[in-house]
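Reader: Please take one part of this model and go through it closely. I would like to follow a helix and the sheet under discussion, with the contacts spelled out.

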Amino acid sequence: MQNKLIALSIFAATTGVVTVYPAIHSAMAVTAQPQPVVQPPVTGRARIDVVFVLDTTGSMGGLIHAAKEKIWSIASTMGSAEQTPEIRVGLVAYRDRGDAYVTRTVDLSEDLDSVYATLMDYRAEGGGDDPESVNQALYDAVHAMSWGQGSGVYKTIFLVGDAPPHMDYRNDVKYPETLVDAKKRGIVVNAIQAGSSAHTRRDWQRIAQLGNGSYFQVQQAGNAVAVDSPFDKELAELSEALDRTRLHYGDAKQKERHQRKVEAAAKLHRESSASSLARRATFNASGSGEANLIGDGDLVEDVTSGRVDLTTVEPSVLPEPMQVMAPGARQELVEETAKQRTELKAKIRDLADQRARFIEDEVNKAGGAEETLDHKIFRAVREQAASAGLSYQGKRVDY
């Protein structure tokens, strides 16, 4: 068994899944070229498709930092509905013509690790002339994403920025027209204003009204709750251990995707704060976080669920260390890894509960958090997602 666990460790360091991002054109281009929109398979589960449209110009540094810290807790809160929805997240970063880019898009994906790895690279730079390319950003959010179909999908956009749109650009689809398309597709558009510009407020309120969404305003830094807990470090370590329970298999192309996922996760563990990794651990141990944790083609999930008979799997598609194992040893390794995954999830959930109680106490001592970014997003989701059959009765914000 020691040799098999060594083999598992070797393999776990070299596998994963990633979202393939659109190629970014030069600064002269208006936007990244939208990728072909491929509809996701229907699974029968409720789903949340959420796209964050982020102004990444120089004044937005504080809010971008808040987004990096809080996206896992926002995902966990969304996933806390009684129906345990699938969660897919997409990104549109935008600046303005003449900056390094106008828009950069990351398609909707359950692979939040890879989405987050891109978010980590966002820097607040450029801008400076007040209006930005909000029109192009909203157009890409509505038209360049693989939005799900059906009544069981809550589709929403959160526009986050501090400057109004350029309404003077030629060959630019103005946001009222884009929001007509969003309404036809069943996409709710919310507008979060950073700062207090009166010009921005006017447009942001109109965007929310036309988008059947909510408008709210936060301080330039995002009003996010940022409380470290004594459980963060251990949760971060357990999260990394949970990652090592993945046993991905498949052909060369699939293994290449798996490798990219591992690289994305490794980047998170290198560069994220302990509190952010603790939030990631909480999400990955939840029902909604299962897809992000295991990706596609995971032997542990496929074999233990009965979907795959390990004895029928061609050795060439197995993880390299498993290819030379006897059939019985392969089965034993999968079962041992499944047991380890179950135990790690239980530890994470227990510590996550203790962390939640600790942070709730700290927030209450500070006078509550009703006006924070977290609460305002949750209020919008709770009200809007009911139309897709999602209920958050008795649920609270996961910090």
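Author: What follows covers the sheet, the helix packed on it, that helix's partners, and one further helix pair.

This is a predicted model, in which local features need pLDDT of at least 70 and side-chain atom pairs count only at pLDDT 80 or more, while totals for chains, interfaces and linings use all residues. Residues are numbered from 1 along each chain as its sequence is written, and side-chain values use heavy atoms, with hydrogens and water left out.

Helices (H or I, at least four residues) and strands (E, at least two) are DSSP runs, numbered from the N terminus. Two strands are called paired if DSSP finds at least two bridges between them. The sheet is open and has 6 strands, in the order S3-S2-S1-S4-S5-S6, with mixed pairing. Strand S3 (103-109) and strand S6 (215-218) are at the edges with a single partner strand each, so one side of each has no neighbour in the sheet. From one strand to the next, the twist averages 15°; axes are lines fitted to C-alpha atoms, for helices over the stretch in contact, and angles run from 0 to 180 degrees between N-to-C directions.

Within the sheet, strand S4 (residues 153-161) runs parallel to strand S5 (residues 187-194), and 7 bridges join the two. Lys155 is placed opposite Ile187 of S5. Helix H2 (residues 61-78) packs on this sheet and touches strand S1 (47-55), strand S2 (86-94), S4, S5 and S6, where contact means heavy atoms within 4.5 Å. The direction of H2 makes about 170° with that of S1.

Glu86 and Arg47 form a salt bridge (3.6 Å, N to O), the term standing for a side-chain nitrogen of Lys or Arg within 4 Å of a carboxyl oxygen of Asp or Glu. This pair ties together distant parts of the chain, with Glu86 in strand S2 and Arg47 in strand S1, 39 residues apart. The structure holds 20 salt bridges.

H2 also meets other helices. Its axis and that of helix H3 (residues 112-119) come within 10 Å and cross at roughly 160°. H2 and H3 are therefore roughly antiparallel; angles under 35 degrees count as roughly parallel, over 145 as roughly antiparallel, 65 to 115 as roughly perpendicular and the rest as oblique. Their crossing is right-handed, that is, the near helix is turned clockwise from the far one by less than a right angle, anticlockwise being left-handed. H2 contributes Ala67, Lys68, Ile71, Trp72 and Ala75 to the contact, and H3 contributes Leu112, Asp113, Tyr116 and Leu119. These residues comprise 7 nonpolar, no polar and 2 charged, with Ala, Val, Leu, Ile, Met, Phe, Trp, Tyr, Cys and Pro counted as nonpolar, Asp, Glu, Lys and Arg as charged, and the others, Gly among them, as polar.

With helix H14 (residues 373-384), the axis of H2 comes within 11 Å and crosses at roughly 30°, which makes H2 roughly parallel to H14. This crossing of H2 and H14 is right-handed. Lys70, Ser73, Ile74, Thr77 and Met78 of H2 touch Asp374, Ile377, Phe378 and Val381 of H14, giving 5 nonpolar, 2 polar and 2 charged residues.

One further pair is helix H7 (residues 232-243) and helix H13 (residues 327-365), whose axes come within 10 Å and cross at roughly 155°. H7 is thus roughly antiparallel to H13, and the crossing is left-handed.
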